Amino acid sequence: MPVFTHSACLGHDTGPGHPESSQRLAAVIQALHDALPTLDWREAPRASRGQLLSVHDAALLDAILERAPDTLTHLDPDTVLSPSSGEAALRAAGAGIAAVDAVMAGNSDTAFCAVRPPGHHATGGQAMGFCLFNNVAVAAAHALDRHGLARVAIADFDVHHGNGTQAIFEADPRVLYLSSHQNGLFPHSGGARERGVGNVMNLPLPPGTGSRMFQEAWVERLLPELEAFRPQLVLISAGFDAHWRDPLAQMQLDADDYAWLTGELRAIAQQHAAGRVVSTLEGGYDLQALRECSVAHLRALGAG
Ligand SMILES: [Zn+2]
C-alpha cells in the first residue's frame, strides 16, 4: 500500500507548545514503519499552482507561498507560517493528488498520506485552524477534473468539523461530504441543518461520546448516505482527535473504533468504487493515540 509523505512536512514549524507539532507526524511515520514494514513509502510531489487554484483563491496561494517569512508569522492565533511552511503545504496537498493518481491507475486500491499541515479547516480563501491548503479538497477536485469522476465522497471523522471542505463543495453535487464531530468545538460549524445542496451531512456528537454512540451514529445516519451516493472514490479526512487521550476534545473513541469505521468505509468503496480509498491525515494531538490509531487505520485499509 502506498504511503505518501515528505520531509518538508516535518519542517513546518508552528513554534513551542503548539499542539500541531512536527512530533505528531514523526510519531505516525515511526509507528507505521515499526508495525507495517511492507508499506510502500513514496515521496509526495508538490501540488501545482493550477491544482491548488481548483479550490483556492490566488490571494491565499500568494499569502502562503509568496511571502516566506524569516521567522514565525501568525496568520491567526492558531495558524502559523514558518520559513518552510509553503513547501510543506505544497507537499501535503501534492500527496493527496499523487495518492488519487495511484489508486485511479489501479496500482493499489488504497493509499494514505502521512502529511502536515492538516487541511480540512482551510476554505477557498482562508487558512485557519492549523490548516494552510485544504489537502482533501484539492485531491477531490483532482479526481473530478483530471480523472473525470462524477461522484467523490469525503468522509471526515476528525473530531472537529471540516468547515473548509464543506464550504468548498457545498454547492457541488458531485461531492458528498460526511462529517462526525464533537458539538461545540472549533470551528463552531457543522450543524445538522447544514445540508449544502443535499450533498452535506453533519453529525454533531456530544462531549463524552464513546464507541457505541459513535458507531450507531455512522450506521444509522452517515453510512446509508454514502451507500446511496454510490461513490466512485472515497476520500477520508483522517483525524484521530476523537480518541479518549486527545487533549483538544472530549470524545472517548479508541483505535478499534477507527479500525471499525475504516473497514465500513472500505466495504462501501469495494461495492461501488472498485475499492478505491485515499486517506489523508488531519488532526490528532496525543502522540500515543496517533501511533495506535494510524496503525489500526492502515491495517483496516489493507496494509500489512
Ligand atoms: Zn481536529
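User: Where in the chain is Pro-187 found?
Analyst: Pro-187 sits in the loop between strand E7 (175-182) and strand E8 (200-205). Strands (E, at least two residues) and helices (H or I, at least four) are DSSP runs, numbered from the N terminus. A cis peptide bond, with omega about 0°, joins Phe-186 and Pro-187. This is a predicted model, in which local features need pLDDT of at least 70 and side-chain atom pairs count only at pLDDT 80 or more, while totals for chains, interfaces and linings use all residues. Residues are numbered from 1 along each chain as its sequence is written, and side-chain values use heavy atoms, with hydrogens and water left out.

User: What makes His-188 exposed or buried?
Analyst: The relative accessible area of His-188 is 64%. Exposed means over 50%, buried under 20%, and partly exposed in between (1.4 Å probe, protein chains only), so His-188 is exposed. His-188 also lies in the loop between E7 and E8, and has a positive phi, near 65°, without being a glycine.

User: And how do you know which class Asn-163 belongs to?
Analyst: Asn-163 has 12% relative accessibility and therefore counts as buried. Asn-163 lies in helix H7 (residues 163-169). Leaving aside residues up to four places away in sequence, Asn-163 touches His-120, His-121, Thr-123, Met-128, Pro-187 and Ser-189; contact means heavy atoms within 4.5 Å.

User: What about Arg-230: which class does its accessibility give?
Analyst: With 44% relative accessibility, Arg-230 counts as partly exposed. The residue is in the loop between helix H8 (211-229) and strand E9 (233-238).

User: Which residues coordinate the zinc ion?
Analyst: The zinc ion is coordinated by Asp-158 (OD), Asp-158 (OD), His-160 (ND1) and Asp-241 (OD), at 2.0 to 2.8 Å. Donors are N, O and S atoms within 2.8 Å of the metal (3.2 Å for Na, K and Ca); water is not among the atoms, so sites may look incomplete. Asp-158 and His-160 are both buried.

User: Why is the site of the zinc ion called irregular?
Analyst: The angles among its 4 donor atoms are 52 to 154°. Four donors count as tetrahedral if all angles lie between 85 and 135 degrees; four count as square planar and six as octahedral if opposite donors are over 155 degrees apart and all others between 65 and 115; anything else is irregular.
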